[in-house]
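Subject: Structure handover

Hello,

Here is the structure for you to look over. My notes on it follow below.

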Amino acid sequence: MRVSNQSNYDQVNSNIAKNRVEGAELQNQAATQKRILKPSDDPVATAKTLGLRTDQATNTQFQKNIDAAKTFMNFTESAISEVTDVMMRAKELAISQSSDASANSATRLSVATEVDQLFKDLVATGNRRMGDRYIFGGYKTRSAPFDHEGNYAGDSGSIKFEISRGVFATVNLPGDRVFMGKANALALVPENARGSTMPHYPAIPSQPEDSPPENPDAPNDVQVRGPASTDGSNDHDMTSEKALQRRAAQPKDGEPESPMGVAKGENVFNILKQLSTGLRANDTMAIQATLERLDDALDQIVMLRSQVGARLATLENTTQSLTKTKIDNATLMSSLEDADAFEVFSNITRNENALKATLQTSNKLISPSLLDFLR
C-alpha cells in the first residue's frame, strides 16, 4: 500500500497535537490538584460531587442556624437564671418576715421596698433583648412584652429554626410561660413523657350516696375519697384541685415519672405584689401565704430552665453530627475529584518522553524531500 507524504504529515501533526493536549491536561491537574476539570472528564463522579457540594452548603447553613439558636438560647438561659435569683431572694425575704418573733412592722416596711425593686428587676429581665429583638415576646420581638405593671403584651409563639433536614428546634420561651405560668402543667411534664397535649388525670372514685362524708367540715362537692397517705395526711382533707394535683404527679404503670408535681402555673409578678402588700400591711398570714406560691414559682422556673438546657444539648449533638457529616462528605469528594499527585507527575514525565519520541520519529519520517531524490 502506498502512503503519501501528505498522510505522513497528517499523522505527525495528529500525534504531536495529541501529546500536547494530554500534556496540557496533566499540567492543569498538577496546578489545580483536581482530577475532574470539566463534567466530561467523569460524568458519574461529577454528578456525585455536585450532590455532595449541595449537601455541604446545606449543612453549612444548618450550622449557622444552630449558632444563632445557641446565642438566642444562651441569652434566654441567662435571663431565666436572673429570674431564679430574684425569686430566691424574694423567698428569703418572705421567710425572714413571716414571723413576729424575727420581724416587726418597721422591718417589713423596709423589706417591702426591696421587694418592689425585685419586681422592677423582673420586669427589666422580662424585657431583655438580644440585639434589637425581645427574647420573651414570642413572635412579637419588636416591642417590649411587659409593661411596668407586669402585664404581658406578647404572644405564645414558638420561634423555630431548622437545624437539620426536616428537624426544627424551638429557640425561645414566651414570657407568658416563664413569668405568667401559662401552660405550665404541660411544660412541667418531660416532652418524651407526653402522651397527649394535656396531662392525664386518673379517674376519682365516686362516693356512695348513702355514705356520709368523711370530713363533715368540708363542703360535699369537694370531698375526695382515697387511701390515707404515708406522710400523715390523706385525700379526705384536701380539695378536689389538690387531690388532682397529687394524683397527676403519680406516674401510671409504664409511664416515666414526672420530676415535678405542680399542676398549675404561677404568675411571679402577682406573687411579688402579694408579698409587698402583705409586708406593707404587716400581715403575717398574707406573707406566709406567698411561701408556697414562691416554691411553686421556683419549681416552674427551674423546669423551664432545664428545658433550655436540654435544647442546648440537642443543638450540641446536632452540631457534632453535622461536623461528622461534613468530614465524611469532604473525604468522599476528595476521593472522587482530587488528583493523585504521584500519578499526575508520573504521567507528566511519561507524556514528555512520548512527545520527545514523537518528535524524533517524525523528524526521520518527514526529513526526506524532493531535493534529496535529485542529488
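Two rings of Phe, Tyr or Trp are taken as a pair if their centres lie within 6.5 Å. On that rule, ring pairs join Phe119, Phe136, Phe146, Tyr152, Phe179 and Phe269 into a cluster. The model is a predicted one, and the count of aromatic pairs in it comes to six.

Aromatic pairs

A pair of aromatic rings is described by the distance of the centres and the angle of the planes. Phe136 and Phe179 are edge-to-face, with 5.3 Å from centre to centre and 90 degrees between the planes. Phe136 sits in the loop between β2 and β3, and Phe179 in the loop between α4 (175-178) and α5 (184-187), so this pair ties together parts that are 43 residues apart in sequence. Phe136 and Phe179 are both buried.

Phe179 also pairs with Phe269, and here the rings are stacked: the centres are 5.6 Å apart and the planes stand at 20 degrees. Phe269 belongs to helix α7 (residues 268-280) while Phe179 is in the loop between α4 and α5, so the pair ties together parts that are 90 residues apart in sequence. The relative accessibility of Phe179 is 0%, and that of Phe269 is 1%. Since buried means under 20% relative accessible area, Phe179 counts as buried, and so does Phe269.

Salt bridges

There are 19 salt bridges in the structure. Arg89 takes part in one with Glu92, at 3.3 Å from N to O. Both residues lie in helix α2 (residues 43-96), three residues apart, or about one turn of the helix. Glu92 is partly exposed at a relative accessible area of 45%, and Arg89 is partly exposed at 33%.

Arg89 forms a salt bridge with Glu114 as well, where the closest N and O atoms are 2.8 Å apart. Glu114 is in helix α3 (residues 105-126) and Arg89 in helix α2, so the pair ties together parts that are 25 residues apart in sequence. Glu114 is partly exposed too, with 29% relative accessibility.

Another salt bridge is formed by Arg142 and Asp132, with 2.6 Å between the closest N and O atoms. This pair links distant parts of the chain, ten residues apart: Asp132 is in the loop between β1 (129-130) and β2 (133-134), and Arg142 in the loop between β2 and β3. Arg142 is exposed, at 55% relative accessibility, whereas Asp132 is partly exposed, at 43%. Lys34, Arg53 and Glu337 are linked in a network of salt bridges.

A buried asparagine

Which residues does Asn329 contact, leaving aside its neighbours within four places in sequence? They are Leu52, Asp55, Gln56 and Asn59. Asn329 lies in helix α8 (residues 284-337). With a relative accessible area of 11%, Asn329 is buried.

The β3-β4 hairpin

Strands β3 (residues 160-164) and β4 (residues 167-170) pair in the antiparallel sense over four bridges. Ser164 is placed opposite Val167 of β4. Two residues lie between the strands of this hairpin, and Gly166 takes a positive phi near 80 degrees.

The chain overall

The chain has ten helices and four strands. In sequence order, the pattern reads α-α-α-β-β-β-β-α-α-α-α-α-α-α. Of the 375 residues in the chain, 35% are buried. Taking contacts between residues at least 6 apart in sequence, 65% join residues at least 24 apart.

Confidence

The average pLDDT of the chain is 78, and 74% of the residues score at least 70. Over residues 185-263, pLDDT stays under 50. The model has 87 contacts beyond four places in sequence for this stretch. Where pLDDT is low, the predicted coordinates should not be read in detail.

Regards

Notes:
Residues are numbered from 1 along each chain as its sequence is written. This is a predicted model: local features need pLDDT of at least 70, side-chain atom pairs count only at pLDDT 80 or more; totals for chains, interfaces and linings use all residues. Side-chain values use heavy atoms; hydrogens and water are left out. Two strands pair if DSSP finds at least two bridges between them. A salt bridge is a side-chain nitrogen of Lys or Arg within 4 Å of a carboxyl oxygen of Asp or Glu. Buried means under 20% relative accessible area, exposed over 50%, partly exposed in between (1.4 Å probe, protein chains only). Contact means heavy atoms within 4.5 Å. Rings of Phe, Tyr and Trp (its six-membered ring) pair if their centres lie within 6.5 Å; planes under 30 degrees apart count as stacked, over 60 as edge-to-face and the rest as tilted. pLDDT is the predictor's confidence in each residue, from 0 to 100.
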